[in-house]
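Colleague: I'm new to this one. Can you put it up and walk me through it?
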Amino acid sequence: MSPKHLIIFIVAGLTILLDQVTKLIILKYLSAYQTITVIPGFFNITRVHNPGGAFGFLAGQTHQIRITLFILVSLLAAGFILYLYVKTPRKHPFLLAGLSLIFGGAVGNLIDRFRYGAVVDFLDFDLYLMHWPAFNLADSAISIGMAVLLFFIIVKKVPV
């Protein structure tokens with residue numbers, strides 16, 4: 001296996017594994033909407049099933065429309081990320097790692113959509129009186145990977 005392929009195998013693989021293991025723990029020990037306060041007024045672990053997209057996008061649509069749309073979009077996004085990964089030169093290992101995070105996060109949430117018909121979220125933050133929608137490790141990986149991708153596009157001017 002080439003070093004370039006090793007990056008996506010390790011980074012995306014660990015992302016998917018950690019995402020799914022944490023979700024299985026949440027599903028086993030918390031009931032829906034149950035909250036464990038970790039840092040009062042700042043961080044809770046709350047089990048939420050998000051049938052929509054980011055921030056509950058399309059959560060009000062029928063189950064079949066949501067599932068079909070989000071599975072299709074997830075597959076297209078994962079395919080596009082793999083395309084970018086293949087086209088990215090090996091001399092940009094951090095960009096390859098960022099793309100691997102996005103891919104691993106997309107697959108982690110895609111697994112949830114197939115298994116549960118919704119994404120399992122549990123990281124629940126409050127900042128003063130502002131409440132951030134619950135998210136999971138896959139969402140975090142996607143966000144970090146997107147930040148890396150944008151850094152390389154905007155700051156480093158790497159064509160993708």
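Modeller: Start near the end of the chain. K157 is exposed, with a relative accessible area of 63%. Here exposed means over 50% relative accessible area, buried means under 20%, and partly exposed is in between, using a 1.4 Å probe and protein chains only.

Colleague: Where is K157 in the chain, and what is its phi?
Modeller: K157 sits in the segment after α4. Its phi is near 60°, a positive value in a residue other than glycine.

Colleague: Before we go on, what kind of model is this?
Modeller: This is a predicted model: local features need pLDDT of at least 70, side-chain atom pairs count only at pLDDT 80 or more, and totals for chains, interfaces and linings use all residues. Residues are numbered from 1 along each chain as its sequence is written, and side-chain values use heavy atoms, with hydrogens and water left out.

Colleague: OK, overall layout. How many helices and strands?
Modeller: There are four helices and four strands. Helices (H or I, at least four residues) and strands (E, at least two) are DSSP runs, numbered from the N terminus. Their order along the sequence is α-β-β-α-α-β-β-α. The radius of gyration is 17 Å, close to the 15 Å that the globule rule gives for 160 residues, so the chain is as compact as a globular protein of that length. That radius is taken over C-alpha atoms, and the rule is 2.2 Å times the number of residues to the power 0.38.

Colleague: What box do the C-alpha atoms fill?
Modeller: Roughly 45 × 35 × 30 Å, taken along the principal axes.

Colleague: How much of the chain is buried?
Modeller: Buried residues make up 39% of the 160 residues.

Colleague: And the contacts, what share joins residues at least 24 apart?
Modeller: 62%, among contacts between residues at least 6 apart in sequence. A contact means heavy atoms within 4.5 Å.

Colleague: Which residues does N136 touch?
Modeller: Not counting residues up to four places away in sequence, they include D19, K23, N109 and V119.

Colleague: What about D112? Where is it?
Modeller: D112 is in helix α3 (residues 93–116). At 0% relative accessibility, D112 is buried. The D112 side chain reaches the backbone nitrogen of V120 at 3.0 Å. Leaving out residues up to four places away in sequence, D112 touches Q20, K23, G117, A118, V119 and V120.

Colleague: Switching to F125. Which strand holds it?
Modeller: Strand β3 (residues 119–127). F125 is partly exposed, with a relative accessible area of 25%. F125 and T46 are 79 residues apart in sequence, yet 9.6 Å apart in space, C-alpha to C-alpha. Beyond four places away in sequence, F125 touches F42, F43, M130, H131, W132 and F135.

Colleague: And S74, which helix?
Modeller: Helix α2 (residues 63–87). S74 counts as buried, at 17% relative accessibility. S74 and A106 are 32 residues apart in sequence and 6.3 Å apart in space, C-alpha to C-alpha.

Colleague: Last one, Y33. What is its phi?
Modeller: About 70°, which is positive although Y33 is not a glycine. Y33 lies in the loop between α1 (3–29) and β1 (35–39). Y33 is exposed, with a relative accessible area of 60%.

Conventions. Polar contact = N/O pair within 3.5 Å; in protein donor to acceptor, adjacent residues only side chain to side chain.
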